[in-house]
Amino acid sequence: MTEGCRLTEKLSALSTGIRTEARPCVPGSQSPGGRATMNASSTTSTTVHFSGLTGAVAPMTWSQFGMWGAVKKFHPYDTYLNVRFRVEIPAGCSLDDVLSVIREMLVKHEALRTRYFDSADGSGRQEVVGAGGVEVVVEQGTEESLDGLLDRLADRSFDFDSELPARFGVVHVEGRPAWLLIVVSHLSIDGLARNRLVEEFTARLNGDHRYGDDRALLTPVARALAEGTPTGVLRNARTIGRWKRFVERADVTNFPSRLPADREPRWMRASMFSPALGCAFDRIADRNAVTSPAVYVALSATAVSALSDRPTAVLRCMISNRFTDAEKRYIGNLSQACAFDVEVGDAVFDEVVRRSMAASIRGYSMGRYRTDELEAIVDPTRFDAMHNDFRDAAASSRPQRLRSVPAIHSLRSRTVIGPPQGLRYYDDKFHVEVRNGAGGPAPAVLIDRSYLPVAEPRDILVAMEAFALAVLTEGRHLPAVDAFRVALTEAVDTEGEVSLDERSGDG
């Protein structure tokens with residue numbers, strides 16, 4: 001039976017509609033799952049129920065199992081891994097309409113109603129539940145309060161023993177439901193699945209309640225079963241072999257020496273919204289005939305080389321592993337880390353960009369594997385630098401319109417850097433994330449200050465933007481590491497042409 005037929009069978013078997021249980025939140029009150037509801041007089045909560053669906057139990061997929069290890073390793077600080085987003089609710093939608101869409105999505109996408117656990121032999125398992133409910137927080141708010149409300153919804157670890165991996169909030173603004181807030185465990189979705197969910201929630205809230213129903217679905221359970229076939233076993237063996245050869249060839253630790261003095265907090269993160277950097281890199285991507293993500297990889301490689309004083313930068317990078325049409329529509333987590341080295345040396349940035357494009361392509365051959373088998377031959381702690389581009393490559397690979405150089409420089413007035421955030425624990429020494437902001441990229445930098453000779457991640461962000469503008473024109477013929485070091489020195493010595501803001505730079 002095809003996945004589309006299974007979905008049709010499940011929908012026809014559905015016997016109940018939405019049932020809501022609205023109740024005011026009072027201090028100290030508990031939800032049915034045992035969690036305290038939000039302490040705000042203007043907040044209520046409602047439960048969206050589903051039942052009549054067929055459940056399933058299966059091994060975790062390779063990517064789920066890798067994320068499962070990260071969730072347990074980071075706990076109780078694993079909230080950093082929760083995937084959060086918001087969708088605007090069109091005028092005319094009632095609260096019942098929104099709740100109906102939430103139920104449709106829970107029914108359709110198994111990843112939103114899957115629990116995760118360790119079996120008796122220690123292997124990871126996933127359980128798709130056929131009946132259950134999710135609490136939906138209903139809150140009064142403003143446009144300015146949305147980020148804070150979303151952070152509050154996301155700032156709790158998921159209790160997989162009693163909680164489904166998705167949380168929802170509806171924010172009323174000026175008397176009507178205006179925004180749907182969504183938080184999903186990283187076990188259930190990756191960045192591209194997040195983008196697909198935004199598309200589908202948006203379509204259904206706008207009245208297209210059959211959006212995507214004409215396409216067969218690839219489910220995480222089906223994916224896990226396919227990975228256990230002889231074809232999957234062979235693919236894993238080949239990929240493990242590539243990792244082994246890579247580690248034997250390359251020194252994968254960029255920052256081996258700890259600094260003499262400890263600084264607290266040890267791990268710090270900051271985000272920046274920078275249309276100027278984005279437009280500069282669009283032009284650089286165009287003149288080198290590469291994708292936009294390759295230029296950001298080159299930026300991370302250059303920064304690592306400059307900060308480590310090593311000619312070669314080794315990066316881990318999360319890749320989507322979405323090759324077929326079904327995988328591109330997949331609501332689940334397919335991303336796994338690959339690794340590659342970029343020779344930076346004394347090369348100009350355009351050459352580093354071209355090398356990074358080639359390295360990124362090589363990396364795709366290393367992105368599908370059993371995590372437990374990889375960790376048996378490769379100590380993951382040896383890798384200390386990560387580059388993670390959360391943007392949709394299909395939408396961000398080539399710009400629609402290139403801005404002039406003066407216009408790009410003028411965009412610096414729109415740069416916003418959020419306040420630094422101290423983290424209690426992280427396993428990378430240098431970590432770059434690139435997200436979409438509203439009208440430009442929103443890169444974030446995390447540093448381990450016990451290993452990196454930089455006091456603040458903000459300094460690196462300011463240097464990144466200055467470096468992007470320099471290599472766009474007058475600095476393009478300098479060695480990339482020299483241009484970055486100049487930009488970093490100026491960032492440390494001055495406040496830079498940026499504004500500091502109390503909100504995150506994630507857009």
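Begin by selecting C279, which counts as buried because its relative accessibility is 16%, buried meaning under 20% relative accessible area, exposed over 50% and partly exposed in between, with a 1.4 Å probe and protein chains only. The model is predicted, so local features need pLDDT of at least 70 and side-chain atom pairs count only at pLDDT 80 or more, while totals for chains, interfaces and linings use all residues. Residues are numbered from 1 along each chain as its sequence is written, and side-chain values use heavy atoms, leaving out hydrogens and water.

Select C317 next: at 9% relative accessibility, C317 is also classed as buried. Over the whole structure, the search returns 0 disulfides, a disulfide being a pair of cysteine sulfur atoms within 2.5 Å.

Move to helix α11, residues 349-363; helices are DSSP runs of H or I with at least four residues, strands are runs of E with at least two, and both are numbered from the N terminus. Its 15 residues reach 20 Å from first to last C-alpha, close to the 21 Å expected, where the expected span is 1.5 Å times one less than the number of residues. Buried residues here include F349, V353 and S360. Among the elements covering the buried residues of α11 are β11 (312-319), β12 (336-343) and α16 (480-493), contact meaning heavy atoms within 4.5 Å.

Finish at α16, where A480, V481, A483, F484, A487, L488 and A491 are buried. They lie on the same side of α16, because they cover an arc of only 160° around the axis, taken from the directions from the helix axis to the C-beta atoms. The buried residues of α16 pack against α9, α11 and α15.
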